[in-house]
Amino acid sequence: MHNMDDIETEEILTCLRITAHHPLHEIKNVFKLINFNKKEKHLAEDALKIGRDTKSCRISLYDQRVSRVQFSIRAFRHFNSSQLFFEIQNLSRRGKLIVNNIALEYLNKVELPKKALVRFAEFQFLVEKEDGESTENFETFFELARAPCQEVLYVPSMSPVPETGLLINACSIPPYCSSQTPVEMEECELK
């Protein structure tokens, strides 16, 4: 019999749920080195590198157009916070990494929001952060998307309104209103 005082309390780990998509993944088998539908634990102090090189990358993509190390995701904490946050950095000299419509060039980095669409070449990754308690470890959980990730996540962009010249957040416009005039959109939003 175990004494309840001797059993360690299990901390809930922050999880990065990553939904992967490539239009030819069934033909080219570009994700064959990824363990889908299985949680994998990582040390918070180690960068999670994604790329073609199986020796230096924790997540490997099987495609010659992918850089040896394409990008990395690194955990960090804000001052006076016990929560893990993540930043993403482009490590490819050959191309840009697009994170929610922000183009990152070589060595550029940005903090990942709770939900982000990461794109390069024909690859798309929808990254969603589920908060946890641990500051020492986090986990990843990969899923394979049946449709392009951009259809799942509507990435906000600023669009000009010709009649007024004002910029509006396109995310605030319901999809069924997007081709209407500003007056029609306002009426549509009131519905």
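Is Glu-87 buried or exposed? I opened my notebook with this residue, and I found that Glu-87 counts as buried because its relative accessibility is 19%, where buried means under 20% relative accessible area, exposed means over 50% and partly exposed lies in between (1.4 Å probe, protein chains only).

**Entry 1: the ground rules.** I noted that the model is predicted, so that local features need pLDDT of at least 70 and side-chain atom pairs count only at pLDDT 80 or more, while totals for chains, interfaces and linings use all residues. I also wrote down that residues are numbered from 1 along each chain as its sequence is written, and that side-chain values use heavy atoms, with hydrogens and water left out.

**Entry 2: the whole chain.** I looked up the secondary structure and found three helices and 14 strands in the protein chain; helices (H or I, at least four residues) and strands (E, at least two) are DSSP runs, numbered from the N terminus. Of the 191 residues of the chain, 39% count as buried. For contacts between residues at least 6 apart in sequence, I read that 53% join residues at least 24 apart, a contact being heavy atoms within 4.5 Å.

**Entry 3: the surroundings of Glu-87.** I placed Glu-87 in strand 6, which covers residues 85–90. Leaving out residues up to four places away in sequence, Glu-87 touches Ser-72, Ile-73, Arg-74, Phe-76, Lys-109, Val-110, Glu-111 and Leu-112. With one of these, Lys-109, the side chain of Glu-87 makes a side-chain polar contact at 3.4 Å; a polar contact is a pair of N or O atoms within 3.5 Å, and within protein one must be able to donate a hydrogen and the other to accept it, while residues adjacent in sequence count only if both atoms are side-chain atoms. Glu-87 is also the bridge partner of Arg-74.

**Entry 4: the cavity.** How many cavities of 30 Å³ or more does the structure hold? I found one, and the largest cavity has a volume of about 50 Å³. On a 1 Å grid over the protein atoms alone, a cavity is a set of points where a 1.4 Å probe fits but cannot get out, and a pocket is an open set with protein on both sides within 12 Å along at least five of seven lines, while lining residues have an atom within 4 Å of a point. Grid points are joined across faces, edges and corners, and a volume is the space filled by probe spheres set on the points. The lining of the largest cavity consists of Ile-18, Ile-50, Phe-71, Ile-73, Val-118, Phe-125, Val-127 and Phe-142. Strand 5 (71–76) and strand 11 (123–130) are the elements that give two or more residues to this lining. By class, the lining has eight nonpolar, no polar and no charged residues, where Ala, Val, Leu, Ile, Met, Phe, Trp, Tyr, Cys and Pro count as nonpolar, Asp, Glu, Lys and Arg as charged, and the others, Gly among them, as polar.

**Entry 5: a pocket.** I also looked up the second largest pocket, whose volume is about 150 Å³. Its lining has three nonpolar, two polar and four charged residues, among them Arg-52, Ser-67, Leu-91 and Tyr-106.

**Entry 6: two loop residues.** Asn-29, in the loop between helix 1 (25–28) and strand 2 (39–43), has a positive phi of about 55° although it is not a glycine, and its relative accessible area of 39% makes Asn-29 partly exposed. Leu-107 lies in the loop between strand 8 and strand 9; its phi is positive too, at about 70°, although Leu-107 is not a glycine, and it is partly exposed at 43%.

Methods: Two strands pair if DSSP finds at least two bridges between them.
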